[in-house]
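I am opening my notebook on a new structure. My plan is to look at the whole chain, then at a few places inside it.

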Amino acid sequence: MSFLRALVGTARSARHAPRLAAGLTPDDDVLLDAPDGRLSPALVAAALGDPEPAAKLLATTRDAAEWEDRDRYVARLATFAYHRGEWLDRWREAAPRDPDALLVAAQLAVRRAWESPARAERLRELDPLLRPLTDEAGRDPVPWRLALDHARGAHAGHAVFEGLWEQALLRSPHHYGCHVAALKYLSAQWYGSQRAAFDFAEQAADDAAPGSLVRALPVRAAHEALRPLPGAGRERPAGPEGAEAADGARIDRAADRGLALSAAFAPGDPWPAEVRNLLAYVLVERERWEEALAEFGRTGPYATSFPWAVGGHDPLRRFLATRDRTRAELARRTPLWGRARAIPGRSGPRGH
């Protein structure tokens, strides 16, 4: 029952998010990967072995063409099934041809294959599972996002990946998940370069509608640029020295774009939570402490595993530690006169 109590606490904290967002949410109230009000009941039911609410939720997103929500829910349900999968087995037994159950199962299978030492080989073995999903997807871009992730890990060539990308664009030209998948493929971590990733991200952000999360894609490119290259053995130095080696001017422009997008949403809104967490990470790396602390305030109680779990870290602990570090760095840089004025009853240093 501890899991159910955690979900109930998540829902309660979500309702109070706007009130908490005026300042920094207390550590004990920060939630990691908190589900929204639609997903939370489905997870509670799944914990009890009942797949029906999850099935209804995904069917609703499919019928209403709510592709961004659908992508998030598929990923979160697959993550839950990774740890507790009895409800998904029951769903597939009851409805073996249900496209939503098949999609969650495929997402789960791809995750498990990615974790295998023989990743590329395991992923290639999933081709018979994924191809029917894309063939029967209709307008749904989510199976194509999954196919793009699969192709990257399976070492698909550029021509294969571009073919999948074109099909994804036909379904939804500005789908965030598909753009993230393409950006990863183009990054220096995989088959492209830092310049290619930034060029792609900036063009996509320019073309996106106001308020679209695709407008934050350059922040994703900035994060990729700040990560260690494969085989580098250690991370780039933190702060401006490391960022400058990764084109600091472009990273700062990406952060500025992210700040503009974040400002379009209310503080404590769960929808842009991952973007805000990512933006806070990049601002800290650039030592833009005041802006970073303000962004931590806008996240409210919503910490996200990405980007804090990258590198095997405990994401919640790293989120809180980075937030504390940001607050401390900003305080350290506040002039003594400003600190004295902040103390009740003091107007500044007094003479002797």
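I began with contacts between residues at least 6 apart in sequence. In the protein chain, 66% of these join residues at least 24 apart. I noted that the model is a predicted one.

Next I looked up the secondary structure. The protein chain has 21 helices and 2 strands. I then checked burial. The chain has 352 residues, and 48% of them count as buried.

**Entry: one residue**

I picked V219. It sits in helix α14. Is V219 buried or exposed? Its relative accessible area is 1%, and buried means under 20%, so V219 is buried.

Which residues does V219 touch, leaving aside its neighbours within four places in sequence? I found A254, G258, L278, L279 and V282. I looked at L279 again. V219 and L279 are 60 residues apart in sequence. In space, their C-alpha atoms are 6.5 Å apart.

**Entry: two helices**

I moved on to a helix pair. Two packed helices are described by the angle between their axes and the distance between the axes. My pair was α16, residues 248-262, and α17, residues 273-285. Their axes come within 10 Å. They cross at roughly 145 degrees. I also looked up the hand of the crossing of α16 and α17, and it is left-handed.

Which residues make the contact? From α16 I listed I251, A255, G258, L259, L261 and S262. From α17 I listed V275, R276, L279, V282 and L283. I sorted the residues of this contact by class. There are 8 nonpolar, 2 polar and 1 charged.

I went back to my V219 list here. G258, L279 and V282 are in contact with V219, and these residues also take part in the contact of α16 with α17.

How many cavities of 30 Å³ or more are in the whole structure? The search finds 1. The largest cavity holds about 70 Å³ of space. It is lined by 11 residues, and the closest to its centre are A188, Q194, A221, E224 and A225.

By class, the lining of the largest cavity has 6 nonpolar, 3 polar and 2 charged residues.

Conventions. Residues are numbered from 1 along each chain as its sequence is written. This is a predicted model: local features need pLDDT of at least 70, side-chain atom pairs count only at pLDDT 80 or more; totals for chains, interfaces and linings use all residues. Side-chain values use heavy atoms; hydrogens and water are left out. On a 1 Å grid over the protein atoms alone, a cavity is a set of points where a 1.4 Å probe fits but cannot get out, and a pocket is an open set with protein on both sides within 12 Å along at least five of seven lines; lining residues have an atom within 4 Å of a point. Grid points are joined across faces, edges and corners, and a volume is the space filled by probe spheres set on the points. Ala, Val, Leu, Ile, Met, Phe, Trp, Tyr, Cys and Pro count as nonpolar, Asp, Glu, Lys and Arg as charged, and the others, Gly among them, as polar. Helices (H or I, at least four residues) and strands (E, at least two) are DSSP runs, numbered from the N terminus. Buried means under 20% relative accessible area, exposed over 50%, partly exposed in between (1.4 Å probe, protein chains only). Contact means heavy atoms within 4.5 Å. Axes are lines fitted to C-alpha atoms, for helices over the stretch in contact, and angles run from 0 to 180 degrees between N-to-C directions. A crossing is left-handed if the near helix is turned anticlockwise from the far one by less than a right angle, and right-handed if clockwise.
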